[in-house]
Amino acid sequence: MKQSSIPSARAVVSSLKERGVKQIIISPGSRNAPLTISFTEDSFFTCFSIVDERSAAFFALGMAQQQRSPVAVLCTSGSALLNYYPAVAEAFYSAIPLVVISADRPPYKIDVGDGQTIRQDHVFDRHIAYSANLKIDVEHAVERLSKYAPDLLETSQTEIDDYNTQELNKAFDRMFKKNTPIHINVPFEEPLYDTIAIREKGKAYFPEKVLKSDFKKEEMNGFKSIWASAKKKMVLVGVNHPNQVDQRLLDILANDPSVIVFTETTSNLHHPNFFPSIDSIIFPIEKSERRDTLFNMLRPDVLLTFGGLVVSKKIKVFLRKYQPGHHWHISENRAYDTYFSLSEHFKTTANNFLNVLFSEGSNRQITSDYFDTWNKVKLGYQLKRQSYLKEVPFSDYLVFYQLLKTIPEDRQLHLANSSTVRYAQLFDLHPSLKVFCNRGTSGIDGSTSTAVGASFYEHAQTVLITGDLSFFYDSNALWNNYIKKDFRIILINNSGGGIFRILPGNDESESFETYFETVQNQNAFHLSQQYGFEYRSADDVESLKKSLTTFYHSSEKPKILEVFTPRRINSKILLGYFDFIS
């Protein structure tokens, strides 16, 4: 087996192999040649080539998100590395392990005017678990080092090997403990392409990737008493991987008269007694003359949260003003004080916590009208929603209703950010759908790339619903050879950033349309032709329904369905919905 002749390159490859990191997303370059050669020559690794580093990093993020295990990205020196940053930040806030590997120039070439050279060390420090900045090897390119940086030769290769090994160990230990990205920066001097033959080692050793928990069951008695006596308990769930909570535990919550469970589309939790459209509860209260009374009725004695970040701004505003008596958050990693009332962080899984909470008869139900009161509100807005849908013209609102009720069962559904994920909160989804969205930083920049990466090892068909700005912004996501034939994109093209029309500041001026809404007149037809997608479009209910009849069927090419909606009325129809149910 061929490997790079440079010791640090071999050390990096061995370190990933020992920890079972098999997928390597490589962006082309010259400085990273020692690592590219070493990864691609080793049959243990599966390597992917994606030119655009930003897209490559989100592709890796989607793969890691779907597989729930680390994926590595590798790039050359210079600004290439900086293009990883959006995905690194998303992975950091979404607790997704990424191994970011960058090749670097020798340290003596930094800040002397050499090409493709920037200060790469510690560039991600605020959004990673650890920066491993390796030292340059001194038994490689000795003549160059003697001429340009003789002081580097004062350190032996053995010392450098030991240092680099320690740095790699620290990085991976932190990644597995914190479930967040790490950065490995490796300086290389030329020549870069020399190889040596080495004997392939036996099976890789995969360390057990278990997060240590500080959760102590014996300390739960006091919290169990608080829970048992509270008459108003609110459970709020953000981003949550599918099938992570036992249905038995969910049923206990759902059937407790003192509990209401607020879920979001991204929570992947379902029960008829849950409340999946949070804003449909909050918005009418904001418009009510009894606002303060109703909000105090909704205000929980105990707020129990788990999962990732929450989409609904309205629930955040409500809980920050009408703070709960107790806020408990369940997470193996970090706990965000989103509502400025966090009183306890339980470092464990939702299953572990709820099993203890409901043990030894402590799940006995208390007399309360909390669920009944708000369930009547939910049933009311659900009836009004059906009436409203019969009245509205073709629009984003009506399109999402049609789309979300017709997606076949057991699909993987990816939602782009901004309007897309917010519209999805308003309607019911089939419980078999596995829903994902980049809610760590909530950016529109890598939604398509993430979905493409997540689809690669997913057996079920992957469907991406996206808006026009998000789609065109990340169009390089289609520039690779890893898009499966069953991949489906539904592009809602409302000619701009439609979400800004429902936010304060919309004055219908030319300046607003140019600098906020960013009106555009693009379509995806030519991109679909360029990248080998089947293309179809719709601009009314009839053409949408017709397009959807065969859209999910097997095909020889992936497909794009572009749905054109009226830019100026979408916001009025959405806001009209909340007025109608109020």
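Q: What covers the buried residues of α8?
A: The cover includes α7 (221-229), β9 (233-237), β10 (259-263) and α12 (350-357), where contact means heavy atoms within 4.5 Å. Helices (H or I, at least four residues) and strands (E, at least two) are DSSP runs, numbered from the N terminus. This is a predicted model: local features need pLDDT of at least 70, side-chain atom pairs count only at pLDDT 80 or more, and totals for chains, interfaces and linings use all residues. Residues are numbered from 1 along each chain as its sequence is written, and side-chain values use heavy atoms, with hydrogens and water left out.

Q: Which residues in α8 are buried?
A: In α8 (residues 247-254), they are Leu249, Leu250, Ile252, Leu253 and Ala254. Buried means under 20% relative accessible area, exposed over 50%, and partly exposed in between (1.4 Å probe, protein chains only).

Q: Turning to rings, how many aromatic pairs are there?
A: The count is 35. Rings of Phe, Tyr and Trp (its six-membered ring) pair if their centres lie within 6.5 Å; planes under 30 degrees apart count as stacked, over 60 as edge-to-face and the rest as tilted.

Q: Why is the pair of Tyr388 and Tyr397 edge-to-face?
A: Their planes stand at 80 degrees, with the ring centres 5.6 Å apart, so the pair is edge-to-face.

Q: Is Tyr388 buried or exposed?
A: Tyr388 is buried, at 8% relative accessibility. Tyr397 is buried too, at 1%.

Q: Which aromatic cluster holds them?
A: One formed by Phe283, Tyr388, Tyr397, Tyr401, Phe427, Tyr577, Phe578 and Phe580.
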